[in-house]
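Trainee: I would like a close look at one part of this model, the disulfide and the sheet around it. Please set it in the context of the whole chain.

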Amino acid sequence: QVQLVESGGGLVQAGDSLRLSCAASGRTFSHYAMGWFRQAPGKEREFVATVGWSNVDTYYADSVKGRFTISRDNAKNTVYLEMNNLKPEDTAVYYCAADSSMFRSSQWLHTAADFGFWGQGTQVTVSS
């Protein structure tokens, strides 16, 4: 059974940086693409970023491109989301997601329906 555990959320000021981590267990981590989504109060869950299984390709939402970086360490079974120049509109619960199919590239994975496994989420709050 796949388990995903996020950490690293918190309260920061606009312009600050934060790094989220997601530790995965339960299967061969390196065979699957990973993603990050977020959900603000009263809004639908939205795509943030995806990293392919090989850690070569990444895909970002336009709203975070140039500010956020997704990466993975297959030796540690962990995916990261480095968030720079945070804005109040980045405030949300951030969720880690794992692909349910092996060896897919990030460009094909940018909706919640593309992912089969989810973490419990970590809160990120950005004050102005």
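Mentor: The answer starts with the whole chain, goes on to the disulfide and its sheet, and ends with the other strands.

This is a predicted model, in which local features need pLDDT of at least 70 and side-chain atom pairs count only at pLDDT 80 or more, while totals for chains, interfaces and linings use all residues. Residues are numbered from 1 along each chain as its sequence is written, and side-chain values use heavy atoms, with hydrogens and water left out.

The protein chain has 0 helices and 11 strands. Helices (H or I, at least four residues) and strands (E, at least two) are DSSP runs, numbered from the N terminus. The radius of gyration of the protein chain is 13 Å, close to the 14 Å that the globule rule gives for 128 residues, so the chain is as compact as a globular protein of that length. That radius is taken over C-alpha atoms, and the globule rule is 2.2 Å times the number of residues to the power 0.38. The C-alpha trace spans about 40 × 30 × 25 Å along its principal axes.

Of the 128 residues, 41% count as buried; buried means under 20% relative accessible area, exposed over 50%, and partly exposed in between (1.4 Å probe, protein chains only). The chain exposes about 6300 Å², and carbon and sulfur atoms supply 47% of that area. Accessible areas come from the Shrake-Rupley method with a 1.4 Å probe, and for residues only the protein chains shown count as cover. Among contacts with a separation of 6 or more, 60% are between residues 24 or more positions apart, a contact being heavy atoms within 4.5 Å.

Now the disulfide. The count comes to 1 disulfide, under the rule that a pair of cysteine sulfur atoms lies within 2.5 Å. Cysteine 22 is joined to cysteine 96, with an S to S distance of 2.1 Å. The pair links distant parts of the chain, since cysteine 22 is in strand E3 and cysteine 96 in strand E9 (residues 92-102), 74 residues apart. The torsion about the S-S bond is about -80°, so the disulfide is left-handed. Cysteine 22 counts as buried because its relative accessibility is 0%, and cysteine 96 counts as buried, also at 0%.

Strand E3 belongs to an open sheet of 4 strands in the order E1-E3-E8-E7, with antiparallel pairing. Two strands pair if DSSP finds at least two bridges between them. E1 and strand E7 (68-73) stand at the edges with a single partner strand each, so one side of each is left without a neighbour in the sheet. From one strand to the next the twist averages 15°; the axes are lines fitted to C-alpha atoms, for helices over the stretch in contact, and angles run from 0 to 180 degrees between N-to-C directions.

Across this sheet, strand E1 (residues 3-7) is joined to strand E3 (residues 18-25) by 5 bridges, and valine 5 has alanine 23 in E3 as its bridge partner. E3 in turn pairs with strand E8 (residues 78-83) over 6 bridges in the antiparallel sense, where alanine 23 stands opposite threonine 78. Threonine 78 in E8 also stands opposite aspartate 73, and 6 bridges join E7 to E8.

Elsewhere in the chain, strand E4 (residues 32-39) runs antiparallel to E5, with 5 bridges between them. Methionine 34 stands opposite valine 51 in E5. The hairpin of E4 and E5 has 6 residues between the strands, and glycine 42 in it takes a positive phi near 80°. Strand E5 (residues 46-51) has 5 of its 6 residues buried, so E5 is largely enclosed by the rest of the structure. E5 is also joined to strand E6 (residues 58-60) by 3 bridges, again antiparallel, and valine 51 has threonine 58 in E6 as its bridge partner. In the hairpin of E5 and E6, with 6 residues between the strands, asparagine 55 takes a positive phi near 65°.

Phenylalanine 115 lies in strand E10 (residues 115-118). At 5% relative accessibility, phenylalanine 115 counts as buried. Leaving aside neighbours within four places in sequence, its contacts include Met34, Phe37, Thr50 and Ala97. The C-alpha atoms of phenylalanine 115 and phenylalanine 37 are separated by 10 Å, with the two residues 78 residues apart along the chain.
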